[in-house]
Amino acid sequence: MYRPFFLFALSFLTAILSNHTARAESLVVQHSLTKAPKICLALSGGGARGFAHVGVLKVLEELHVPIDCIAGTSMGAVVGGLYAAGLSASDIEQRLDALKLNDIALDRVDRRQLPQTVREEDEQYPLGATLGLSGKGVRLPAGVVQATQFLELLQNWTAHLQPDIAFDQLPIPFRTVATDLESGKMVMFSQGPLHTAIRASMAAPGVFAPIEVNGRLLSDGGLVRNLPVDIARQMGADIVIAVNIGTPLMPRDQLQTLFNVSQQMVNILTEQNVEAQKALLHDQDILIEPNLGTISFMDFARSKEASATGRAAALALASKLQALSLPPHLYQVKQQMRLHPHLPPLHIGFVEVASNGAIPESDIRRQLGIKIGSPYDAEQINSKLAILNNAREFDSINHELIQRDGEYGIRINAYGRNWGPHFLRFGLALSSGFEGAGGFRLQVGHRRPWLTEGGLEWRNDVEFGNALKLHTELRQPLFEREGMYAAPYAELSQSTRNYYQGDTRIAEYNFRSDKAGVDLAFRLGEQSVLGEARIGLNLNHYRVRPRLGGYLLRNEDGSVSTAALPSADLQQFGLKTALVLDQLSDPVFPRDGYKFDGGLFLGIDKSRKNYQELALNGIWASSIANHSVNLKFSAAGLFQTDTEIRGIGSTLGGFQQLSAYQPDQFTGNYLLYGSLTYLLRAVKFELAGQSLFLGSSLEAGNVWNHGNEISLGSLRKSASLFAGFNSFIGPIYLGFALAPGGAKNVFFQLGRQ
């Protein structure tokens with residue numbers, strides 16, 4: 001008997017709630033038609049300072065201020081575009097908090113995700129950017145940073161939108177602007193892939209590379225319209241809430257570098273158009289200008305601080321903003337009424353590849369492995385593209401979802417490194433010891449990739465200074481390009497090596513080495529992210545000649561005479577193997593990870609005498625907070641049936657090779673060495689991604705000419721204190737070391753020893 005009454009009550013309550021919702025929606029519509037002005041946000045550019053926009057948006061949400069449209073430039077386009085696409089201010093903040101923003105903004109990649117070849121080149125050639133060389137002269141890439149990771153992130157977060165969506169169909173209508181680099185005119189985006197429009201707007205000159213869209217080369221919109229008040233007005237705004245977070249002009253005392261002067265020129269142009277836009281504001285408009293102090297354009301690590309500053313600036317104008325707010329229930333209904341366009345599940349109908357580089361389209365297709373008919377997953381495709389980007393064979397490579405003949409597909413945009421085809425990198429090494437012993441080396445690396453469609457690459461490495469060296473090598477991929485390859489090579493080198501008796505240098509030797517061979521190399525891990533192994537045939541020719549010094553001989557009659565130092569020639573032919581496994585977070589100041597490398601040579605000399613050479617090296621690192629521990633171990637052996645040949649074996653001495661002694665002070669056929677190093681990260685430079693370290697090391701090691709001399713009791717000891725920094729020209733160390741017996745050394749080291 002209660003069932004009919006219950007159904008009647010439920011129907012009555014449903015009708016009341018439906019009527020209430022309908023009335024609320026009607027009130028919202030009536031409110032918007034008769035009372036509420038159209039409120040539009042104008043969000044300026046300013047790089048990392050733009051996170052202040054997030055704080056402003058959070059206050060607007062708390063005060064129930066409705067946003068009817070958004071116009072944003074550069075970082076204002078990033079925050080405003082994501083908000084217009086349906087993300088709340090808290091969503092944006094939480095997603096950004098989970099990221100290493102400095103690394104993403106500057107395209108920095110965890111070293112352990114790089115191919116082994118790239119890791120080796122970064123370690124060997126830390127000086128500046130790669131130079132392109134062609135018949136047109138020397139060229140640099142168009143921008144310091146391609147912002148590839150940022151573009152992929154934006155694409156992943158907006159993958160729910162149609163690729164050609166009109167921005168008026170977004171939950172909040174949106175506009176952004178960029179600058180045409182050829183004409184200097186403003187380009188406004190009102191349709192198309194949202195992530196592409198945002199990326200074009202944030203291409204800050206000299207920092208982020210320009211991007212080509214629809215045949216136009218576009219750069220940062222801040223050059224023409226950093227605070228787009230007029231764009232907001234064109235969208236029908238009755239009231240504009242303008243948020244200006246632009247970088248203020250620097251005082252004279254900061255204009256002492258070329259970079260700062262260049263940045264000041266851009267800031268002047270930007271500030272001029274900002275002032276012109278601020279002049280367009282009406283009495284009823286609201287201007288919010290957060291005092292962001294020392295937060296710079298690139299201070300992405302200070303995002304929380306910038307957001308809090310933006311929030312404080314908005315709360316300071318809460319009374320004005322409150323006048324624009326809706327009652328809570330009307331605000332909620334209006335928010336719910338916004339349409340959130342979502343693509344239905346899609347399957348890939350086709351794959352296009354648009355490439356302007358030397359890498360064949362077929363090679364790009366094969367490496368991506370996108371199957372026709374598979375579900376579209378933007379994040380999965382971008383993860384594959386990230387692997388190709390890490391190999392640095394493209395300026396950038398990205399994808400777009402496009403529609404053609406009623407079906408959706410993928411277009412791959414591959415932008416080759418067309419500022420070549422020859423590429424140069426540079427390294428520098430300087431060292432100075434307590435006794436004035438030192439060294440200097442300038443290193444130049446030349447690369448000519450893609451000599452053929454099969455991926456043939458020519459590589460040259462040259463060293464000048466107190467050592468001369470030329471290494472030339474061809475690399476021809478076999479089967480798949482990212483798999484094994486053949487590498488014929490030749491190497492010529494000449495250096496001077498000191499000969500010590502105790503702590504006294506008594507002679508100098510000229511050491512000449514000529515090598516030739518062919519290796520078969522195997523990449524370990526996907527795109528060789530784990531390491532590389534080699535096996536091959538090798539021909540060596542060593543020539544050792546005394547340069548200065550000699551033996552003092554006491555004759556039977558008590559007189560003293562001199563005798564020339566011995567010289568030697570050695571030719572070898574045999575089988576060489578090598579292995580490197582590298583998972584260090586940093587090659588110079590590792591905070592975690594490991595590295596192992598080893599080599600074995602089995603051969604004979606011209607007299608058919610056996611010759612074997614073995615070398616093993618290992619590093620392990622671990623950290624807690626700012627404290628790191630590094631363990632290092634090295635062992636080497638030169639097994640030959642001939643007599644001792646000075647200068648061919650292993651050496652010890654110099655920084656991190658028994659630091660209290662001079663470079664190469666100890667020479668012999670057998671080597672053992674180990675060290676324990678403590679590193680304190682004293683200062684962290686977030687923008688550069690580097691740190692200043694204070695370190696201390698305990699070392700033990702020695703070399704011996706004969707196997708029966710090897711003993712732990714004869715190990716030499718050394719202890720050192722040093723400061724180190726990984727600068728843009730390479731690692732820099734300054735410190736001192738002591739050893740038992742009075743040996744000591746004050747050292748300065750730039751680059752690799």
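Here is a walk through the structure above, from the whole chain down to single residues.

First, some ground rules: this is a predicted model, where local features need pLDDT of at least 70, side-chain atom pairs count only at pLDDT 80 or more, and totals for chains, interfaces and linings use all residues. Residues are numbered from 1 along each chain as its sequence is written, and side-chain values use heavy atoms, with hydrogens and water left out.

Let's start with the whole chain. Of the 753 residues, 47% are buried, meaning under 20% relative accessible area with a 1.4 Å probe, counting protein chains only. The chain exposes about 35,400 Å², and 58% of that is supplied by carbon and sulfur atoms (areas by the Shrake-Rupley method with a 1.4 Å probe). Now look at contacts, that is, heavy atoms within 4.5 Å. Among those with a separation of 6 or more, 64% link residues 24 or more positions apart.

On to the inside. A nonpolar core here is a set of buried Ala, Val, Leu, Ile, Met, Phe, Trp, Tyr and Cys residues joined through side-chain atoms within 4.5 Å. The largest one has 72 residues, and Leu60, Val65, Ile70, Phe189 and Ile241 have the most contacts inside it. Helix H3 (residues 75-84) gives this core its largest share, seven residues. Apart from that core lies another, of 22 residues, including Leu368 and Phe394. Going back to Ile241, its contacts beyond four places in sequence include Ile39, Leu60, Val65, Ile288 and Leu324.

Next, follow some strands, which count as paired if DSSP finds at least two bridges between them. Strand S23 (residues 568-582) and strand S24 (residues 593-605) pair in the antiparallel sense over eleven bridges, with Leu575 opposite Leu602 in S24. S24 also runs antiparallel to strand S25 (residues 610-624), joined to it by twelve bridges, and here Phe601 stands opposite Glu613 in S25. S24 and S25 form a hairpin with four residues between them, and in the turn Arg608 has a positive phi of about 65°.

Finally, pick out Ser495, which is found in strand S18 (residues 485-501). Ser495 counts as buried because its relative accessibility is 16%. Leaving out residues up to four places away in sequence, Ser495 touches Asn466, Ala467, Tyr509, Asn510 and Phe511.

Notes. Helices (H or I, at least four residues) and strands (E, at least two) are DSSP runs, numbered from the N terminus. Buried means under 20% relative accessible area, exposed over 50%, partly exposed in between (1.4 Å probe, protein chains only).
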